[in-house]
Amino acid sequence: MNPSVIVSRGYLSVCLSQFNPSPFLSFKSGSWPLQRSILLPNNVSLQRLSRKWVHQKTIVASLPERISPAKQLRQILKLPGVHQGPACFDALSAKLVEKAGFQFCFTSGFSISAARLALPDTGFMSYGEMVDQGQQITQAASIPVIGDGDNGYGNAVNVKRTVKGYIRAGFAGIILEDQVSPKACGHTRGRKVVSREEAVMTIKAAVDARKESGSDIVIVARTDSRQAISLEESLWRSRAFAEAGADVLFIDALASKEEMKAFCEISPLVPKLANMLEGGGKTPILNPLELEEIGYKIVVYPLSLIGVSIRAMQDSLAALKGGRIPPPGSMPSFEEIKELLGFNDYYEEEKRYTTTSRLSSEVSSNLYNIQARAQDDTAQRVQSPQDPIVEVITPEVYNNYGADGSRTPFSGIWSRKLRVKITGRDGFEKLDVRIPAGFLEGVTNIVPALGGVNLKELLDDAADEVGGKLLLDFKDTIGDRIQVFLE
């Protein structure tokens, strides 16, 4: 049986025996006993896939119903091992995370507050700003994104609105914490938490909002009570969050490896999130294998991207201030930047929708304005009959088309000229040019809107006529009048 390839929001799923909507690779065949599971980003080519896994067997693509971001995240949580998710803070950083091959990412309120407001993460960011930033991020990346929902921006009713807003913004998950307002960054001083009852009610409200929305968004319940109260309090709250319906548990700012182990031992069926705060937080920095051994399922890195961005910008500014530009190795080339941002893809797609009318509009807005810029923009003047008419005759081109006396299909009309006149819809003349009548290619270079006109046929019909003749007279899409005369 030919394999089918399921493409869904950033992942490929290949199955030889039956339709499999999960976002991991699975092969199974009776006489060909091969079964593997691997999560693939969407930039893996089918050719590479077939060579590596299916030994040149033909891959047939089929597109099933799109898998929701939340379902993708849930499938990631079911896969073995620990999964890493760097923090993004805008659309570009999210796209970079995806291109680097990570399976998911999350938004850091600390980083977004820094990048968007240049202010500390102390409650300045509002619900509306976080949702707006989140929509830009989820639209730029096709991997699941977990959104930082802070403390829900109010009471339980506000929490429900927050969860529903994050669902509409395209988030796969939402982190909700139990801090009072205004909140503080997890590894900074001055944190306070709400009561146990209010903290649990926040998670229950989030679960209700998910049900009411018909969504399966992943709810990550975070408690900051380890630093605000005690380890025992944070463990109690985590158990209560799990009973209230949280999908992932998160105690921030655990102070030792032993505390991390104690956390992973409670509610063993509920995945645990580790926060590896780079640069000097309260939690020990462990590698992914160590975290998996302790019992964590996902690990996030909140400061890497914003931190290196700040340092890189500082270094670049210092170089510019000293009269230098950043050295080549410190930044991607212009071509690499354009490729990353999708310029080449844009140009390819643009070709699909290019029309003659569009070319005409481009000419009117770009080429014709070259003459307009020569005029005084602050004063309108009436075109005088004595204004000179431009003649475009280049000896090299003239000779190339047989004007040196050789006989070509066009040599009979080289003694005559084409006059192209363009009058703007405001009545002012934009262009008046004469060129050799045989220089057809030159006409379309000057006025691309004539590219779809069979000028040769018009010239052949009028070649033997004595005196001038109006060959074309029409208006383009923006109302400019284009006239072509044979003189």
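**Exercise 1. Which residues of α2 are buried?**

Before we start: this is a predicted model, in which local features need pLDDT of at least 70, side-chain atom pairs count only at pLDDT 80 or more, and totals for chains, interfaces and linings use all residues. Residues are numbered from 1 along each chain as its sequence is written, and side-chain values use heavy atoms, with hydrogens and water left out.

*Solution.*
- Step 1: Find the helix. Helices (H or I, at least four residues) and strands (E, at least two) are DSSP runs numbered from the N terminus, and α2 covers residues 69–78.
- Step 2: Apply the cut-offs. Buried means under 20% relative accessible area, exposed over 50%, and partly exposed in between, using a 1.4 Å probe and protein chains only.
- Step 3: Read off the residues. P69, A70, Q72, L73, Q75, I76 and L77 are buried in α2. That is seven of ten residues, and the helix is mostly covered.

**Exercise 2. Work out where H83 sits and what it touches.**

*Solution.*
- Step 1: Locate H83 in strand β4, residues 83–88.
- Step 2: Check its cover. H83 counts as buried because its relative accessibility is 6%.
- Step 3: List its contacts (heavy atoms within 4.5 Å). Not counting residues up to four places away in sequence, H83 touches I76, Q103, F104, K297, I298 and V299.
- Step 4: Look at I76 again. The H83 side chain reaches the backbone oxygen of I76 at 3.2 Å.

**Exercise 3. Decide whether D224 is buried or exposed, and find a partner for its side chain.**

*Solution.*
- Step 1: Find D224 in the loop between β8 (218–223) and α8 (225–228).
- Step 2: Its relative accessible area is 0%, so D224 is buried.
- Step 3: Look for a polar contact, a pair of N or O atoms within 3.5 Å; within protein, one must be able to donate a hydrogen and the other to accept it, and residues adjacent in sequence count only if both atoms are side-chain atoms. The side chains of D224 and R222 make one at 2.8 Å.

**Exercise 4. Explain how L96 is classed, and name its helix.**

*Solution.*
- Step 1: L96 lies in helix α3, which spans 91–99.
- Step 2: L96 is partly exposed because its relative accessible area is 40%.

**Exercise 5. Name the residues that Y296 contacts.**

*Solution.*
- Step 1: Leave aside neighbours within four places in sequence.
- Step 2: The contacts of Y296 are then V82, L254, M260, F263, C264, K272, L273, A274 and L291.
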